[in-house]
Amino acid sequence: MTTIGWLQIAAFFLILLALTKPIGIFLHRVMEGERTWLTPVLGPVERAIYKLGGVKHDEDMPWTVYALALLAFSVVTLIITFGLLRLQAWLPLNPQHFGAKEMTPDLAFNTAVSFTTNTNWQAYAGESTVSYFSQMVSLASHNFFSAAAGIAVAIALVRGLARKSAAGVGNFWVDITRATLYILLPLCLIFAMVFVQQGAIQNFHPYQTVTTLEGGSQIIPGGPVASQEAIKELGTNGGGFFNANSAHPFENPTPFTNMLQVLMIFAIGAGMTYAFGLYVGNVRQGWAIFGAMSFLFLIGVSVAYVQEAKGNPMIAAQGVDTTTQTMGDAGGNMEGKEIRFGQAGATLFATVTTDASCGAVNSMHDSFTPLGGLVPMANILTGEVIFGGVGAGLYGMLMYAILAVFIAGLMVGRTPEYLGKKVEAYEVKMAMLAALILAGSILGGTAIASVTHIVNPAYWNTVAGTANDMAAANVNNSGPHGFSEIFYAFDSATGNNGSAFAGISVNTPFWNLALGIAMLVGRFLMIIPLLAIAGSMAKKKRAAASVGTFPTDNVLFAGLLVGTVVIVGALAYFPAVSLGPVVEHFLMHGGRTF
Amino acid sequence: MTTIVNNHIDKMEAPGAPPSGPHLKRARPLFDPPIVRRALGDAFRKLDPRVQAKNPVMFVVWVGSAVSTILFIQDLIEHVGGWETAFVGQIALWLWFTVLFAGFAEAIAEGRGKAQADELRKTRTTTLAKKVGANGQIENVAASLLRKGDIVICDVGDVIPSDGTVIEGIASVDESAITGESAPVIREAGGDRSAVTGGTKVISDGIKVEITANPGETFIDRMIGLVEGAQRQKTPNEIALNILIAGLTIIFLLATATLLPFGQYAGVHISIAVLIALLVCLIPTTIGGLLSAIGIAGMDRVMQYNVLAMSGKAVEAAGDVDVLLLDKTGTITLGNRQAAEFLPLPGVSVQDLADAAQLSSLADETPEGRSIVVLAKEQYGLRGRHLDEKTTEFIPFTAQTRMSGVNIPGQRVRKGAVQAVIDYVKSSGVSVPIELQSIADEISRRGGTPLAVTLNERPLGIIYLKDVVKGGMRERFDHLRAMGIKTIMITGDNPLTAAAIAQEAGVDDFLAQAKPEDKMALIKKEQAEGRLVAMTGDGTNDAPALAQADVGVAMNSGTQAAKEAGNMVDLDSNPTKLIEIVEIGKQLLMTRGALTTFSIANDVAKYFAIIPAMFATLYITSGQTHGPLWALNFMHLHSPYSAVLAAVIFNALVIIALIPVALRGVPYRPMGAAQVLRRNLAVWGLGGILVPFPFIWLLDQILVALHCAPGV
């Protein structure tokens, strides 16, 4: 731990704080179709898209129609992507001639699901599996659309809370068009330029073979990286161009781009809180949510940084030099971390990428100390509501807000209300359904994967022709660390994060299918109940506020929200977590590793 | 008969009497021995799985108890013996206790209702009714056969056979059977006092009654059904809360069930009994076990205030109320005006005015008249004097003269409405000083009523009669304001008078010169702005407004129409009680929220007892007593067995410990929502996290000391 490290984290947070309001204002204006400085240029484009798609832009959809539109859009684009990935051999921009051999059906399914659900779990290594065309068209389009869909769903929920006695929650086609056109595309254009300037590559060259200083030969991959990089962070997608993701110097060349990337991951999520405040007519409501998110973020990043800086006592015990300085950080746990980012840059990135549903990584989470690695795991377990995925963070946090209001709201002696809308049986049912589905997918998936025997392992789960018929045979570590790896995989897939603890050879039909299903469940079975809440809330009258009304725009409520996130999250997962990182922590201090 | 009327009015409306505060007429001790005895039996009867299946949380505990009992029996058969068997047996025992305790809580709450129902049943009449036949002849019919529309005659000493409306005659009726109030009340044909209730008794005169309820639907039948809980339906908030705790139960079921495969992966054997113990400790058994008791007790508390809520939903809605509409007369002010001041004309001494005023009122038996006598005595030392009956002529008040007074030799004293007095004075050819009118106008402006006094046709001055705001009303309105509830006074007075009284009473707003349709419009306006409105009413023309209001409390003295329109009936006909009803509604919701929060917060401590115990041998190395996760046992509980048992026992006992809170409601103070939340979060949230630690530690010590669990 160093002052510079802490200052880097503090600077990050202060810049984020400063960005929240302007981004929020812009988001609100765009999503409500108000005029912005981009309208003269993009207005005609927007209208042309509606004309082309036959969209009646003033049609207000009930939640059911909105949800159906989202589902239809996702299913169609998922199938197209699956097809394009399988057919990449016949498509252009494929200098390395990748084909269906690399992109097996199960991998194509997993990948198509992964990008459609904004997860960007990668069971493949980009540089040895997918063509430039696949990267730029099949996958990057989803990076935009899945992010825009997240924004759309969040805005629909916010409209549900803000409107009174309304039938509809907005128009899905308009929302997704505006989010893509006015927010994601222009910003990505700018950031891609900055990345290029900083040294990220942008080309269509075939891979180059070079002779290294030692006289060996090395293949240097190429590709349109910078343009992919911008949306990867801004849309909280996280799918790297290369296997090494943001640890790769072509993706994330400098400490400056590193700072830029973490800011981009949180930018829209933070702005959404302010936009929420604008929608409901009280920006303090937005700041209360922002406050709760900030608190959880700061706790997480502090724990991770402190744990990584302390490092593994067993290494120091063996007389290893721990005084070497990297980015001002001395010693500690540098395994799996980039020298150019140091521990602060790595733990900040790891916390941010899992607070949000991004999943880009600039270090190996698998190599973190047990408690340091618990932070990313726990962040995802909360449902990624700490700023969270673009849109997804806000709608997840609003679900917690509804539960918090319901439980604690009764304590003020009134039927619980959130923003003047009564929280009744239907909303509680939908919120519990969402919570139940997430817990079921994470715990159930882990349970199945840790003990299941596979009937035909040679087909379903073989990586190297092993005779072991356990699904968990692909897990490289044993004991608590192996358990953490499985748990993290289902946690990450269900939470639509996409980062990995790694350590599992997941590119097998069993894992591709299992995690693909977890991603679909985690995305759509979460969104549908929340849209149902949006629809039901929109229909309600708005109760007038008085001193008898449960206040949801102050520090007390932010604290309550933190408590609900922590307790509801921790209570369900505490036993599982204690079998993973917690016991590993005690074992490490007792001198045992796995 | 007249005496009775006067007595009754005196009792209700004596000047200067304290406001009729809430009477807990039906209060009974929290743990009444006969009720407790009956509840103990009921708790066992509730072990029937068909009963338990209605409550998902307790059903899970029931299944857990059954499974652990089977495990215990299996251990006995296989002679496992030792601590393991003793442990499983104790777990099974305490899980059964958990189910029993929850059943006991519910049975106690129900028992209190049943006891009330039994009392009510006694009043149900079995006597014959005197039914007027088609040809006007009277036939004796069993009361239980009377149907809507039948006409019956009730004479002195008769019990009124069923609910009805008086269509002829007037009678005083003893309604103590339903209201607990011993003073008889007047029931007469027409007007707002025409409703009679079955089971009450005519004690003077006679009436002809048209029956308005079919058998089994009478007021008493409904009361019995309500207090017994036979018609109890889950309220909206209760349904939502049930969904929440059922959802949590399923999540915890997942969290514990998946520990089996997780344990298998980690290579540790997890005992089923411990898993069941963990599950039961995690699921919200505290609130799950007490939820229905809280609801029943809430209804019961309303009943103790002698208010009959037609549904639990109405009680809950009372907690949500934002606006209270209160009638001025009888609710905010005493029913009558009282003399407050003597204001003489120039040239007249106060003493003379007071003397004349007292003289004129000696025979005036109205509360206003007596208050004038009292004021003259208290302020000017004028004692009531004895007048020679032979020479004294009392002039009674008539609607024509609008004056009353007395003639004694040499003195003709009159008092009356200002305009009437002016006309009277002018007609005797005496001029009226201009000040008389100006003083009268000033009094009107201050919200009072002026009465002019003359001696031998000469105006002396004005008596200031004032509306008297009941004592303590301002504080109550302040409390309501603190809770965020707006009070609106409804009055037929002119706006000036209304404003003055509103100011004095401390209500937030008023509606002056109100007609029934204005009241209705006001309710609709408030509702359109998103507020919930509560009101009281008794007259037939109140009925639409009572039905429109979210909480409509009808006075039992009111008409049948009003009683049917409202969703509560106040048996004491005390409109002020609306405030208590609101408080009970709030307290009911608070109690549910508090115990839910407490229940969930408790889980933290239970985890720290059970998780280390459950994985005590995980990754253990030879030579160690416990594995690495035992480090989480920072309470230093003795052994895995004692730790799990302590958590389970705590979980069971906390239900018993919280029965009083469930029945009585959490302590309630009128405060704003933010303050209430801060306070309740500190007590039930933070308290819920901290409290279990010392108790689990203590139970662990006791278990080891009693050799119920191993010390290591």
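Predicted model: local features only at pLDDT ≥ 70, side-chain atom pairs only at ≥ 80, totals over all residues.

User: Where in chain A is Asn118(A)?
Analyst: Asn118(A) sits in the loop between α4 (105-116) and α5 (132-162) of chain A. Its backbone is worth a look too: phi is positive, about 65°, although Asn118(A) is not a glycine. As a general point, most residues other than glycine have a negative phi.

User: Which residue in chain B has a positive phi without being glycine?
Analyst: One of them to look at is Asp205(B), with phi near 60°. Asp205(B) belongs to strand β7 of chain B, residues 201-211. With a relative accessible area of 32%, Asp205(B) is partly exposed.

User: Back to chain A. Where is His142(A), and what is it in contact with?
Analyst: His142(A) is part of helix α5 in chain A. Setting aside neighbours within four places in sequence, its contacts are Thr77(A), Leu78(A), Thr81(A), Phe115(A), Thr116(A), Ala147(A) and Asn237(A). His142(A) has 2% relative accessibility, so it counts as buried.

User: And how far is the C-alpha of His142(A) from that of Gly235(A)?
Analyst: Those two C-alpha atoms are separated by 9.8 Å, while the residues are 93 apart along the chain.

User: Zooming out, what is chain A built from?
Analyst: Chain A contains 18 helices and six strands. Its radius of gyration is 23 Å, close to the 25 Å that the globule rule gives for 594 residues, so chain A is as compact as a globular protein of that length. Of those 594 residues, 65% count as buried.

User: And how many helices and strands does chain B have?
Analyst: Chain B has 26 helices and 20 strands. Here the radius of gyration is 34 Å, well over the 27 Å from the globule rule for 712 residues, so chain B is more spread out than a compact globule. Its C-alpha atoms fill a box of roughly 120 × 65 × 50 Å along the principal axes. Buried residues make up 56% of chain B.

User: How about charges: how far apart are the centres of the positive and negative sets in chain B?
Analyst: They lie 2 Å apart, for 63 positive and 70 negative side chains. In chain A, the mean positions of the 27 positive and 30 negative charges are 15 Å apart.

User: Which three residues of chain B supply more of its buried area than any other three?
Analyst: Phe262(B), Tyr265(B) and Tyr619(B), which supply 16% of the area that chain B buries against chain A.

User: Last one, Lys519(B). Is it buried or exposed, and what does it touch?
Analyst: Lys519(B) counts as buried, because its relative accessibility is 7%. It is found in helix α19 of chain B, residues 516-528. Not counting residues up to four places away in sequence, Lys519(B) touches Leu325(B), Asp327(B), Ile490(B), Leu511(B), Met535(B), Thr536(B) and Asp542(B).

Conventions
Residues numbered from 1 in each chain as written. Chains lettered and ligands numbered in written order. Heavy atoms only, no water. Helix = DSSP H or I, 4+ residues; strand = E, 2+ residues; numbered from the N terminus. Rg over C-alpha atoms; globule rule 2.2 N^0.38 Å. Buried < 20%, exposed > 50% of the residue type's maximum accessible area, 1.4 Å probe, protein only. Lys, Arg positive; Asp, Glu negative; His and termini not counted. Charge placed at Lys NZ, Arg CZ, Asp CG, Glu CD. Buried area = accessible area lost by both parts, 1.4 Å probe. Contact = heavy atoms within 4.5 Å.
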